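Student: I've got a helical model open and I'd like to learn how to read its packing. Can you walk me through it?

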Amino acid sequence: YHIDPAQLNDMLDGQMADVAGAVYNTFDDLYQYCYRVASVVGLVCISVWGHDGHPDIPKLAEQRGIALQLTNILRDVVEDGQLGRVYLPRQDFEHFGYDPADLLTGKADDAFENLMRRQIERAREYYQLSATLEQHIDPTCRAACRVITRIYADLLGRIARRPAAVLEGRVRLSTPHKLAIVARAGITRFFES
C-alpha cells in the first residue's frame with residue numbers, strides 16, 4: 001500500500017500531545033490535533049481500501065476524520081477532563097462563558113448548552129463536507145466506512161438531542177442500534193455489487 005510515512009509520524013505526534021496534555025486555544029489548534037489522531041487514520045484507510053483517484057478524496061478523508069474526532073471529543077468530554085485533558089478550544093469556553101472546570105462538576109447551564117451546540121454544529125459541518133467520501137472508495141470497502149460514519153453520526157445525534165447527557169456518563173448507542181447500522185451497510189453493499 002502507498003502509505004505516506006509522514007502520516008504515521010503525524011499519528012505519533014497526536015498521541016504524544018495526549019500524553020503531554022496539550023491545550024487547544026483555538027479551533028485551528030484543535031483541528032491540527034484532530035488531523036493527527038483521526039484524519040491521518042482516514043488517509044491511511046483510503047490507501048488500504050482503494051479509491052477511484054478523484055482529486056478530492058484526500059480532503060474528504062481529512063474532513064471525515066475531523067467529524068469523527070469532534071464527535072469522540074464530545075462523547076468523552078468529562079472522562080477526558082478527569083484525566084486533565086480538555087480538547088474543546090479555550091476560545092470557545094471564553095466566548096460562551098463556561099469554565100472548563102465546570103465540566104467535572106456537571107454544571108449544565110445555558111453557557112454549557114451554547115458551548116455544546118457550537119461543537120455539535122461544527123462536527124455536523126464536517127460530516128456534511130465529507131458526505132461524498134464513500135462514493136469514491138472501492139465498493140468492496142464502502143460498507144466499513146459507512147458503518148464507522150453512521151455509528152459516530154448517530155452518536156452525535158444522540159448528544160445533540162440532550163447535550164447535558166455527556167456530563168452524566170458516556171453516551172452510547174445500543175448494541176441493536178449498532179447491529180442495525182451494520183445490517184444496512186451490508187444490504188447496501190449487496191445492492192452495489
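Predicted model: local features only at pLDDT ≥ 70, side-chain atom pairs only at ≥ 80, totals over all residues.

Student: Let's begin with the core. Which residues touch the most other members of the largest nonpolar core?

Tutor: The general idea is to look for buried nonpolar residues joined through side-chain atoms within 4.5 Å. Here the largest such core has 40 residues, and L30, Y33, L70, F112, I159 and V166 are the ones that touch the most other members.

Student: And which helices each supply at least two residues of this core?

Tutor: Those are α2 (27–49), α3 (57–75), α4 (77–82), α7 (110–129) and α9 (142–161). The top contributor is α7, which gives eight residues. There's also another core lying apart from this one, with 14 residues, including V40, I46, W49 and A61.

Student: Could we zoom in on one core member? What is I159 in contact with, leaving aside its neighbours within four places in sequence?

Tutor: Skipping those close neighbours, I159 contacts T71, L74, R75, M116, I120, V166 and V171.

Student: Now the helix pair. At what angle do α3 and α9 pack?

Tutor: For any pair, check the angle and the axis distance together. In this case the angle is about 40° and the axes are 10 Å apart. Angles under 35 degrees would count as roughly parallel, so α3 is oblique to α9. The crossing of these two helices is left-handed.

Student: Which residues make that contact?

Tutor: On the α3 side you'll find R64, L68, T71, N72, L74 and R75, and α9 brings C145, I148, T149, Y152, L155, L156 and I159. Sorted by class, the contact of α3 with α9 has eight nonpolar, three polar and two charged residues.

Student: Let me pick out R64. Is R64 buried or exposed?

Tutor: For that, compare relative accessibility with the cut-off: buried means under 20%. R64 sits at 4%, so it counts as buried. Not counting residues up to four places away in sequence, R64 touches Y127, S130, A131, L133, E134, C145 and T149. Look at G42 too: G42 and R64 are 22 residues apart in sequence, with their C-alpha atoms 7.4 Å apart in space.

Student: What about R75: is R75 buried or exposed?

Tutor: R75 is also in helix α3. Its relative accessibility is 14%, so R75 counts as buried. Beyond residues up to four places away in sequence, R75 touches Y152, L155, I159, V166, R170 and V171.

Note on methods:
Residues numbered from 1 in each chain as written. Heavy atoms only, no water. Buried < 20%, exposed > 50% of the residue type's maximum accessible area, 1.4 Å probe, protein only. Helix = DSSP H or I, 4+ residues; strand = E, 2+ residues; numbered from the N terminus. Contact = heavy atoms within 4.5 Å. Axes fitted to C-alpha atoms, helices over the stretch in contact; angles between N-to-C directions. Parallel < 35°, antiparallel > 145°, perpendicular 65-115°, else oblique. Left-handed = near helix turned anticlockwise from the far one by under 90°. Nonpolar A, V, L, I, M, F, W, Y, C, P; charged D, E, K, R; others polar.
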